[in-house]
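These are my notebook entries on a single protein chain. I set down what I looked up, entry by entry.

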Amino acid sequence: PNTINKMAFSPDGSGMATVDASGNLVLWSMKTRKPTKAVLPGEKVKEGTWPLEALAYSPDGKHVYCGQQTGHVYVRDAKTGAEVEYFRPFRKNIGH
């Protein structure tokens with residue numbers, strides 16, 4: 001088994017998302033306590049091989065947000081693991 005580096009619970013408590021030491025995003029059912037979908041690093045990382053540093057569910061529980069240290073954010077469907085949206089970091093400072 002791989003070490004879990006990050007985890008987040010869905011707002012209703014029915015699901016959990018984890019990122020392991022290999023960079024796999026795994027979606028879990030809390031009812032069965034078993035994985036429902038694993039997203040391999042090659043499916044998730046577009047910009048190099050930076051590990052995921054942040055993990056959170058949307059307030060409605062429909063999406064999982066995964067962030068890299070590089071500023072890239074991946075939005076995944078919480079049930080299927082499919083990529084819904086992808087955000088690149090800003091290239092210039094914002095504000096001041």
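**Entry 1: V64.** I looked up the cover of V64 and found this residue buried, with a relative accessible area of 1%. Buried means under 20% relative accessible area, exposed means over 50%, and partly exposed lies in between (1.4 Å probe, protein chains only). V64 is found in strand β6. I also checked V64 against D77: the two are 13 residues apart in sequence, and their C-alpha atoms are 6.4 Å apart in space.

**Entry 2: basis of the values.** The model is predicted, so I note that local features need pLDDT of at least 70 and side-chain atom pairs count only at pLDDT 80 or more, whereas totals for chains, interfaces and linings use all residues. Residues are numbered from 1 along each chain as its sequence is written, and side-chain values use heavy atoms, with hydrogens and water left out.

**Entry 3: the chain as a whole.** I recorded one helix and eight strands in the protein chain. Helices (H or I, at least four residues) and strands (E, at least two) are DSSP runs, numbered from the N terminus. From the N terminus on, I read the order of elements as β-β-β-β-α-β-β-β-β. Of the 96 residues in the protein chain, 36% are buried.

**Entry 4: salt bridge.** How many salt bridges does a search of the whole structure find? The search finds one. The term requires a side-chain nitrogen of Lys or Arg within 4 Å of a carboxyl oxygen of Asp or Glu. I identified the partners as R76 and E83, whose side chains meet at 3.9 Å, N to O. Side chains of opposite charge can pair when their charged atoms come close. R76 counts as buried because its relative accessibility is 4%, whereas E83 is partly exposed at 32%.

**Entry 5: two loop residues.** I placed R33 in the loop between β3 and β4 (34-39). Its phi is near 60°, a positive value in a residue other than glycine. R33 is exposed, with a relative accessible area of 59%. I placed P59 in the loop between β5 (52-57) and β6 (63-68). P59 is exposed as well, with a relative accessible area of 78%. The C-alpha atoms of P59 and D12 are separated by 9.4 Å, although the residues lie 47 apart along the chain.

**Entry 6: nonpolar patch.** I found that I4, M7 and F9 make a nonpolar surface patch of about 310 Å². Patches take residues with over 30% relative accessible area and no salt bridge, joining like charges within 9 Å and nonpolar side chains (Val, Leu, Ile, Met, Phe, Trp, Tyr) within 5 Å. Accessible areas come from the Shrake-Rupley method with a 1.4 Å probe; for residues, only the protein chains shown count as cover. F9 lies in strand β1 (residues 4-9) and counts as partly exposed because its relative accessibility is 45%.

**Entry 7: largest pocket.** I noted a volume of about 280 Å³ for the largest pocket. Of the 16 residues that line this pocket, the closest to its centre are S14, G15, W28, A78 and K79. On a 1 Å grid over the protein atoms alone, a pocket is an open set of points with protein on both sides within 12 Å along at least five of seven lines, a 1.4 Å probe that fits but cannot get out marks a cavity instead, and lining residues have an atom within 4 Å of a point. Grid points are joined across faces, edges and corners, and the volume is the space filled by probe spheres set on the points. Strand β3 gives the largest share of the lining, three residues.
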